[in-house]
Structure formats: structure tokens, C-alpha cells
Amino acid sequence: MSAQILLGSNHTTSCGLCGNANNDTSDEFQVKRTGKVTSNAARFGDSWRVDKANECKKSSDLPWWKWRREFADRKDDAIMTCDKMFESPQIADCANGVRGLAPVDPKPYKDAVLQTT
């Protein structure tokens, strides 16, 4: 599955799982109800759940997944995939500030992705 979100030059603020598009990577994990920033990805994701029947387990209630150990042999593939994603025309458009939009430096975002691999 893939998704693409395009914000026009006159976009209003955004929030949620896609961040707030304010060019500041330090405040992306804003919890839905309070707007407070958390460093806990599971808590952040859980705050934006849409599960009215309450059938899904909260990520923050699950045991910590040692994915780094489990997928250590796939790190190079993950980095290659990340590199391809950041070389896409859409990211290049953001970085270059096309259609009247201010340029956005993709480096801190890529660094954040690679830190988790």
C-alpha cells in the first residue's frame, strides 16, 4: 500500500500521522487530544487510532518488539528502499520548493527514518 498527500500552496495547517508540515521535525509526534509532543511512537500512533469498536490492541500495550534484532539482516535493504523513496520526484519537488512552496530540506526526515532502521 502507498499513499501520497499533496498540500497546495494555500494549505491550512495539517496534523496527525502525516505531521504538521511546519518544517520542524522535532514536533511531528503530537498526540491527538492534547497536542503535546511525545517521543513514544506507539503512544503517538495510538492517539490517532480510528477504532470505534475498540477491536484493535493499542501498540503501547504490546510488548516491546525487538525488531532491530529480528530484522538486522534486512537493514541494507531498508536503507536502499529509503534512498529510493527520498529520490522520488515528489520529495525532490518538496526539497526544491516548486509551485510557489517554500523548499523543505529532506535530510532531517531521512536521518530520522534511518535512525530507526
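What follows is a chat about a predicted model of one protein.

Biologist: What are the ground rules for this model?
Modeller: It is predicted, so local features need pLDDT of at least 70 and side-chain atom pairs count only at pLDDT 80 or more, while totals for chains, interfaces and linings use all residues. Residues are numbered from 1 along each chain as its sequence is written, and side-chain values use heavy atoms, with hydrogens and water left out.

Biologist: How many helices and strands does the protein have?
Modeller: The protein has five helices and zero strands. Both are DSSP runs numbered from the N terminus: helices are H or I with at least four residues, strands are E with at least two. From the N terminus on, the order is α-α-α-α-α.

Biologist: And what share of the residues is buried?
Modeller: Buried residues make up 14% of the 117 residues. Buried means under 20% relative accessible area, exposed means over 50%, and partly exposed is in between, with a 1.4 Å probe and protein chains only.

Biologist: What share of the contacts comes from residues 24 or more positions apart?
Modeller: Among contacts with a separation of 6 or more, such residues account for 37%. A contact means heavy atoms within 4.5 Å.

Biologist: New topic. How many aromatic pairs are there?
Modeller: A search of the whole structure finds one aromatic pair. Phe29 and Phe44 form this pair, and it is stacked, with 4.6 Å centre to centre and 15° between the planes. The rule is that rings of Phe, Tyr and Trp (its six-membered ring) pair if their centres lie within 6.5 Å; planes under 30 degrees apart are stacked, over 60 edge-to-face, and the rest tilted.

Biologist: Which parts of the chain does that pair tie together?
Modeller: Phe29 lies in the segment before helix 1 (41-47) and Phe44 lies in helix 1, so the pair ties together parts that are 15 residues apart in sequence.

Biologist: What about cavities, how many of 30 Å³ or more?
Modeller: The search finds one. The largest cavity has a volume of about 40 Å³. On a 1 Å grid over the protein atoms alone, a cavity is a set of points where a 1.4 Å probe fits but cannot get out, and lining residues have an atom within 4 Å of a point. Grid points are joined across faces, edges and corners, and the volume is the space filled by probe spheres set on the points.

Biologist: Which residues line the largest cavity?
Modeller: The lining includes Phe44 from the aromatic pair.

Biologist: How do the lining residues divide by type?
Modeller: They divide into three nonpolar, four polar and two charged. Ala, Val, Leu, Ile, Met, Phe, Trp, Tyr, Cys and Pro count as nonpolar, Asp, Glu, Lys and Arg as charged, and the others, Gly among them, as polar.

Biologist: Now salt bridges. Which residues form one?
Modeller: Asp83 forms a salt bridge with Lys110, and their closest N and O atoms are 2.6 Å apart. The count comes to one. The rule asks for a side-chain nitrogen of Lys or Arg within 4 Å of a carboxyl oxygen of Asp or Glu.

Biologist: Why would side chains like that pair?
Modeller: Side chains of opposite charge can pair when their charged atoms come close.

Biologist: Where do Asp83 and Lys110 sit?
Modeller: Asp83 is in helix 3 (residues 75-86) and Lys110 is in helix 5 (residues 107-115), so this pair links distant parts of the chain, 27 residues apart. Asp83 is partly exposed, with a relative accessible area of 25%. Lys110 also counts as partly exposed, at 23%.

Biologist: Back to the segment before helix 1. What does Lys36 contact there?
Modeller: Leaving aside neighbours within four places in sequence, Lys36 is in contact with Phe29, Gln30 and Val31. Lys36 counts as exposed, at 60% relative accessibility.

Biologist: And what does Arg43 touch?
Modeller: Not counting residues up to four places away in sequence, Arg43 touches Thr38 and Ser60. Arg43 lies in helix 1 and is partly exposed, at 48%.

Terms used: On a 1 Å grid over the protein atoms alone, a cavity is a set of points where a 1.4 Å probe fits but cannot get out, and a pocket is an open set with protein on both sides within 12 Å along at least five of seven lines; lining residues have an atom within 4 Å of a point.
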